[in-house]
Structure formats: C-alpha cells, structure tokens
Amino acid sequence: MNPMDFKVAPDHLLNHVGGRWVPSGAGGTRPNVNPADITDVVGDFTESVAADVTAAVDAAEAARPAWDAIGPIERAKVLTRAGRLLEERAEDLARAITREQGKRLSEARGEVTRALTILEFTAGEARRLNGETTPAEEPRTVAMTFRRPIGVVGLITPWNFPVAIPIWKVAPALLSGCTAVLKPSPLTPLTSALLVQAFVDAGVPGGVLNLVQGDREAGETLVDDPRVAGISFTGSLPVGTAINRAGAGRLMRTQLELGGKNALIVLADADLDAAVDAVVHGAFGQSGQRCSATSRVVVDRAVHDELVARLVARVDAMTIGPGDDPAADIGPVVNDERYRACLDAVARATADGARVVAGGGAAELDTPGWYVRPTVLDDVAWDAEIAQEEVFGPVLSVVTCDGYDDAMRIANSVRYGMSGTIFTQDPALIFQALQDFEAGMLHVNRPGVGAYSHLPHMGAKASQLGAPECSPAVWNFYTDLRSACIRY
C-alpha cells in the first residue's frame, strides 16, 4: 500500500492530555510535510505552548499514585496489550513513518519490528524489577533493597526513530510506575500520536501517558517544571547540554543520548567485501540519519585504494527515491535544514582538501523533495572538520591510517563515543580493540549500527550522560533504589 494513501484521523492532530485528545489552548498549528514530496502536507498538527505542557504535567501528577499502586505485573499486562495492538497496526505505523520522516518503507517496517521487541523485553522485566536481600549486622533483622518509581518523567524524542525511541522510553517509564509526558519531535508528530493511541486502547489510564506536540517552548516548559523528576532526551549535544544545565539547580535526573561521529576501522587483513557491505549499510541506511551511523572509515593504507574502489562502485549504483519506491536504495533527508547542512558540510570539506569520489550534491527527482546524493569523501585529514563533527546525513569520510595503533588513535580523536567498529581477522587485535575503543557500543566484523533489545543502548564521552537505555540498566534512570532494615 502506498504511504500516500494513509489518512490522518482528526484526533491525531492534537495533544493527548489526561485521557482526552485536545488542541493547544492557544489554537496554534504547524504543518507537517512529507520530505519525499514537499507538496504533500501530512497534516496541520497542534503546536503546544507552556500552558499545554503544564496541563499535561498536572494530569501525570494526578494519575501517579493510582498507577504506582497497581504494581509492575499488572502494568506489564497493559504494556503487553499495547504491544499486540501495535503489532496489528504495524503497517499503518510503518507507512506513517515513511510519509512524515522519509525513510524507506522496508526500514520503517524494521523500526516497528524493533520497537515491538523492545516492548516485549520490557514487559518481561515486570517480575525482575527487584532488589536483593543481604546479611544483616544485627540478630533478628532482615536487610534488603527495593526499587521505587522516581515520579513524573518527561520523554523528549527525535525524528529519526519516531516509534522505536519513544517505545524504549515510554515502556520502561510506565512499567516502573512513573507517569509520563511525551514530547516528540515536531517533524514526526503522527507516529507519536499513533503510538499513544495504541497505549490508550490497551487501557492505560488517563493521565498516565500524555502527549504534547510542539517544539522549543514545549520542551523548555517540560524541563523547567519542578514536578518533573527526570528528563530522558535523545537528540543533539547542544540541546542535551542545555537540558542538563537547566535541571542541575534542582538536581533533576537526566538521561541523555546525544551525537556520534562513529568510526569503522578496516585493517590490512580485513574481509573487504564484508567491510564494504557494513560501510554502505552503516553510512547510508536511513540516509545516514542515526546517532550510530558510520560517518568515518579509517582504512589501512595497504588496502585503501581497493576498499575505496569497491565502495565507490557500490555507492554509484545506489538508486535515490521516495521511501515507498521498492527500487529506491536511499530516501530523502528529513527537511530543508538537514538538506542544507549536508550540502554545506561537503562544500566545506572540499575547501579543506577532501576529494569527492562519489555523490557530492543534491539529487533532482521529478517530485520535489529533500534528496542528497550518497557521498564519499576521500583524502580526509583525521582532524578536519568533516572528520570531527557530526553531519547527520549520507556523507562518509575516508581517512587513511598506518596500522592498528594509528587507526585507534584516529577513531578516538573525536569528542563523541557512540559506536566503534573494527574489521580484522586477528583475534588479539579484536579483543584489544574492545579495550581501546572510547565508545559505548562496539562491533567486530559486522555493521556498526543496530542493537539488541536486551543490551544497553549507550554512548561514551559526549555521546551519553546518565543511565543507558534498553536492558535492565534502564531501571537506574526510572527508579530509585531504597534500602530497608526490618527487625522482627
């Protein structure tokens, strides 16, 4: 089914606060445009102001005691019902993602599948949301720990994974006993509304999960509300830093997943076919718009020319098109801002001495959209701007190295540390790399993107602050650990 056939229900243009779909009190709206066809307006979505966010926090605070009281096992039943509904509606979700975010329909379907596995894992944690008993120092005494929800949480999510990332925040927030205000990116409001609708239909009580659409004013109001105990944010380093500063004065808990400038190292003994497959998938999947995208290839001088030749052949053969075109290998970037950022980054890189060996500019299609040709830059200096700063688009830099030590030095030279990947057949270097990478998620002889639902999704350095997302480690954000000594 063509994503353009998707009809937007009137309720899904609104906020969801206290169990009801409601417009902004100020009455403002924002048009949401299909990046593959900028003449196609998905809908005019409500634009929240401060009073709307305050109302959502009011609702979350009022709903918190009752939601906490039912316990994690009953809460997990609600999450499981939501998962069944999302699975039934998976194709609608995927088509909505493709239409408003631009990724290929196969990628959107993959994202929905990943969201479902995260939800399944989280619901299964209900019977393991426990502390421990320990020996006591006194007779007739039990010493133990247990977990308590931190309270109302704000969940601020990006546009690049508009279903998976909200799920990996909403699901643990609700299972823990927290109530939540979800503030998605203004570029992907529809998928967030569909997601919330599934939880509502699954029986989440009014006020437990609230949705406020909007941009900066909505986000800042949520961060500044003293009743919000924690903010989980995925997005850019500057915004994450601002959130952390804003909440520091009241010791607000933060969970920040930020940018990346990820390296894939190719040593002289690497399987080059496998390495090229991984690079193409990591650099150009989802048009390079993910925090774990492969944005640098650090390749040994001995195999540089052969790797680049194979890589260029693959990239030159890629078909650019809208996400609903089965023949397309790569879709548009999300909006005009990303489009111009990619083109400007390439222009600055060539001015710094880099050489475009594939792509390098805009792609003109019959339908107007934000299309950037998949681009490979060679002769990139390890400390050039293009090799140090995140582009968040289909732009790949090739940096030459001399052996393992030089490769690792270059890989770790950036301020970010989201993902690190190495291709080599040397067992000793494989395990050495796991120790040496300054990154949170590591890969060996496989693409540097993708993660399991039960493993932590996390970065290092400027890519992460606070508890990881996904995995049992996530409870260190949504819950407080308490200790108790009981004399009998």
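Predicted model: local features only at pLDDT ≥ 70, side-chain atom pairs only at ≥ 80, totals over all residues.
Gly-206 is partly exposed, with a relative accessible area of 44%; buried means under 20%, exposed over 50%, and partly exposed in between, using a 1.4 Å probe and protein chains only. This glycine sits in the loop that joins α6 (189-201) to β9 (209-211). Helices (H or I, at least four residues) and strands (E, at least two) are DSSP runs, numbered from the N terminus.

Residues are numbered from 1 along each chain as its sequence is written, and side-chain values use heavy atoms, with hydrogens and water left out.

Which residues does Gly-206 touch, not counting those up to four places away in sequence? They are Gly-18, Gly-19 and Ala-63, where contact means heavy atoms within 4.5 Å. Between the C-alpha atoms of Gly-206 and Ala-354, 148 residues apart along the chain, the separation is 55 Å.

I turn now to α6 and its packing against helix α3 (residues 90-101). The two pack at an angle of about 160 degrees, with axes 8 Å apart; the axes are lines fitted to C-alpha atoms over the stretch in contact, and angles run from 0 to 180 degrees between N-to-C directions. α3 is therefore roughly antiparallel to α6 (angles under 35 degrees count as roughly parallel, over 145 as roughly antiparallel, 65 to 115 as roughly perpendicular and the rest as oblique). Asp-92, Leu-93, Ala-96, Ile-97 and Glu-100 in α3 meet Pro-189, Leu-190, Thr-191, Leu-194 and Leu-195 in α6.

Finally, the aromatic rings. The structure holds 3 aromatic pairs; rings of Phe, Tyr and Trp (its six-membered ring) pair if their centres lie within 6.5 Å, and planes under 30 degrees apart count as stacked, over 60 as edge-to-face and the rest as tilted. Tyr-339 and Trp-370 form a tilted pair, because their ring centres are 5.5 Å apart and their planes stand at 50 degrees. Tyr-339 belongs to helix α11 (residues 336-351), and Trp-370 to the loop between β14 (355-358) and β15 (375-378). Both residues, Tyr-339 and Trp-370, are buried.
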